[in-house]
Amino acid sequence: MEDLDNLKATELTLGLPGIDAPEKPSPASATGSNKRSNEECCLPAAKKQVVGWPPVRSYRMNSIRVRKMEAEDSTGIYVKVGMDGAPYLRKVDLRVYKDYKELMEALNDMFKCFSLGGAEGHEESGYAITYEDKDGDWMLVGDVPWEMFISSCKRMRIMKGSEARGLSSST
Amino acid sequence: MTYFPEEVVEHIVDFLGSHGDRNAVSTVCKAWYQVDRLSRRSVFVGNCYAIRPERVVTRFPEMKSLTVKGKPHFADFNLVPYDWGGFAQPWIEAAARGCPGLEELRLKRMVITDDDLELLSCSFPNFKSLVLVSCEGFSTDGLAEIATYCRGLRELDLQENEVEDHGHQWLSCFPDSCTSLVSLNFACLKGEVNASALERLVARCPNLRSLKLNHSIPVESLNKILARAPHLVDLGTGSFTIDNRSETYHRLINSFFRCKSLRSLSGFWDASPFCLQAVYPICANLTVLNLSYAPAIQSADLTKLVGFCFKLQKLWVLDCIGDKGLVVVASTCKELQELRVFPSDVYGAGITAVTEEGLVAISSGCPKLNSLLYFCYQMTNAALTTVAKNCPHFTRFRLCILEPEKPDPVTNQPLDEGFGAIVRSCKNLRRLSVSGLLTDQVFLYIGMYAERLEMLSIAFAGDSDKGMVYVLNGCKNLRKLEIRDCPFGDAALLKDVAKYETMRSLWMSSCDVTLGGCKSLAAKMPRLNVEIINENDGTSESKENLSDQHKLVLCQQFTSVSNDIMFTSNDPDVCRRVRL
């Protein structure tokens, strides 16, 4: 999970295409894949940055990139977190954390009174942290890079017990 | 031949709207040429290097409106060097000398300086309208000149220009006596604009119908402006963020409610979803909605907004609207004619929220759709075939699959059949951009079926010279062909050289064309302007090898031959354009 934070390709940058171009696979790499499997397989992180591609006016590209970063920087991303069996939900600001580790620690703190278990108790206590993404699907927390996670997470749910078996977040 | 007095011919010719038709009239005979040239009010120059400005001005002394286009289309995507050219100066100077009655100037992809704007503002006493699209080279100082000296200015429309910010004073330069503004668009300005000067300007221009603000204008100002200009038809909001439940927010809802004439909305810089609700009262009247600069608005809010827009004809959005959002568009916007879906995350991980499903939904729900620009990560032949069947009225179809050479993900086949279906079905197709994995076959289809096609954009496609030849042979009405990163070489380039005389321009970059091939073309067609842009520091040695990346070939058509109009400088280091 530690490596996910370091995926440079998904960092937002203001650089022009071609600058800091990471190592490149061939452009015709993804075959026979639909939306789901794109997320599951390793992300095509090192996309070749071709000059003038995609064909979007530079005015528009710059505008979107700047606006998006401004919007993201300025507002907190508050999402609800619920846990099975807990009588009330909590809210967390995902902006506050810089990676999954910090988020997990914070959730541990928040929910320990509901016997979530300490950091050592992950596997034994059998829980999984899931989130609902922009499409309305429930996903396991930790699969995608952090930045992508916080931009697509709408709310979270901590599953326990039999539902969580085999879905342990630490694997 | 029956004799028609000139006045009669002129009267008849006046009914002809299109430039093409008037050009045709002028070639019938000398008398008609004269009638056309003396009565032509609106002149369109599609390529600023195709004809000298003096020639245009001499030929059309009664010209009132001049439109000039400069850089090639691919300049939008940084494929043309900064100092390539496309200067407005010679045009403004020639018009100042020969057509002082000029009222309107429209420039696209040209370089215009503050000095040019100053000259413009002082040379045409009846000047009414300045429209600059994707231009650069000027600052707010130049705008100050226009504001100060153009008495009776009706329109100042700045669309997506790169404008240097030298302060906000320019807007205050509109004198108190200026009451004639009908259209003002400064959305592309990056700096602060004096909001109170703007409010006063709006207050004294009762005919103002179109106003597009930049991001520096806060909602409080927008409220005051809308209060003064309730007859606005076209509004580009400024910054669209406000505190929850504030007084300002309620006033905004009321302001919008009073704007009964509002038909077109854009802007929404920094819009937060909450503020979008203020727009709900007028959604039912909107025919044009541009949300493509609002990345902070997510799918659910976009979808809700669009769900109220029953009369929408033109929609520009970001792909975060998602396939689900497009389904809502399809079921709500039955009058939709134009849709543009832009990518919101171009350097992301290869996933957008829109796929072929969204496009199919739109095609089945919106039968009047005739213009499309769609960015997505995948497309299937089946989807394109369905779209072709549902929407035979496309005149403009531009599909950009973000990953070059990507095949149909379901069948792993090229997208030849899908695009083939489009050109077969859409008999009125005038503009087409293709993408994804494509072989020569798609170009065979395009050559066979796309009879009305005027502009074709190709990237990362084709197998051999045959592809390009199919297009050049088949598309009788082709005017603009732009190709990048395709395996087309000299054989294709030279197959039918006479074809280029019927076209406005050809662009080829990162293809297999050689310097020798270009020289050969130039030798065969002396009336063509064959130009090579060399991006390797201007050293003459590297000109020889055209197979390097970023070596570009541009063919344009002359109507009058001149050796000196191409070059901007005699300095060999600066001048990287070589005319063969």
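Biologist: Is the crossing of α10(B) and α11(B) left-handed or right-handed?

Modeller: Bear in mind this is a predicted model, in which local features need pLDDT of at least 70, side-chain atom pairs count only at pLDDT 80 or more, and totals for chains, interfaces and linings use all residues. Residues are numbered from 1 along each chain as its sequence is written, chains are lettered from A and ligands numbered from 1 in the order in which they are written, and side-chain values use heavy atoms, with hydrogens and water left out. A crossing is left-handed if the near helix is turned anticlockwise from the far one by less than a right angle, and right-handed if clockwise. For α10(B) and α11(B), it comes out left-handed.

Biologist: At what angle do the axes of α10(B) and α11(B) cross?

Modeller: Axes here are lines fitted to C-alpha atoms, for helices over the stretch in contact, and angles run from 0 to 180 degrees between N-to-C directions. The axes of α10 (219–228) and α11 (247–258) of chain B come within 9 Å and cross at roughly 30°. That makes the pair roughly parallel (angles under 35 degrees; over 145 is roughly antiparallel, 65 to 115 roughly perpendicular, the rest oblique). So the angle behind "roughly parallel" is roughly 30°.

Biologist: How many nonpolar residues does the contact of α10(B) with α11(B) have?

Modeller: Contact means heavy atoms within 4.5 Å. On that basis B:V219, B:E220, B:L222, B:N223, B:L226 and B:A227 of α10(B) meet B:T248, B:R251, B:L252, B:S255, B:F256 and B:R258 of α11(B). Sorted by class (Ala, Val, Leu, Ile, Met, Phe, Trp, Tyr, Cys and Pro nonpolar; Asp, Glu, Lys and Arg charged; the others, Gly among them, polar), there are 3 charged, 3 polar and, for the class you asked about, 6 nonpolar.

Biologist: How exposed is B:H231, as relative accessibility?

Modeller: B:H231 sits in the loop between α10 and β10 (234–236) of chain B, and touches B:L208, B:R209 and B:S261, leaving aside residues up to four places away in sequence. Buried means under 20% relative accessible area, exposed over 50%, partly exposed in between (1.4 Å probe, protein chains only). B:H231 therefore counts as partly exposed, at 49%.

Biologist: How many of the residues of α17(B) are buried?

Modeller: Helix α17 covers residues 416–425 of chain B and is mostly covered. Its buried set is B:D416, B:G418, B:F419, B:G420, B:A421, B:I422 and B:V423, and these pack against α16 (381–390), β16 (396–401), β17 (431–433) and α18 (440–449) of chain B. The count is 7 of 10.

Biologist: How far apart are the C-alpha atoms of B:R527 and B:E501?

Modeller: B:R527 lies in the loop between α21 (515–524) and β21 (528–533) of chain B, and is partly exposed, with a relative accessible area of 43%. The pair is 26 residues apart along the chain, and the C-alpha separation is 8.3 Å.

Terms used
Helices (H or I, at least four residues) and strands (E, at least two) are DSSP runs, numbered from the N terminus.
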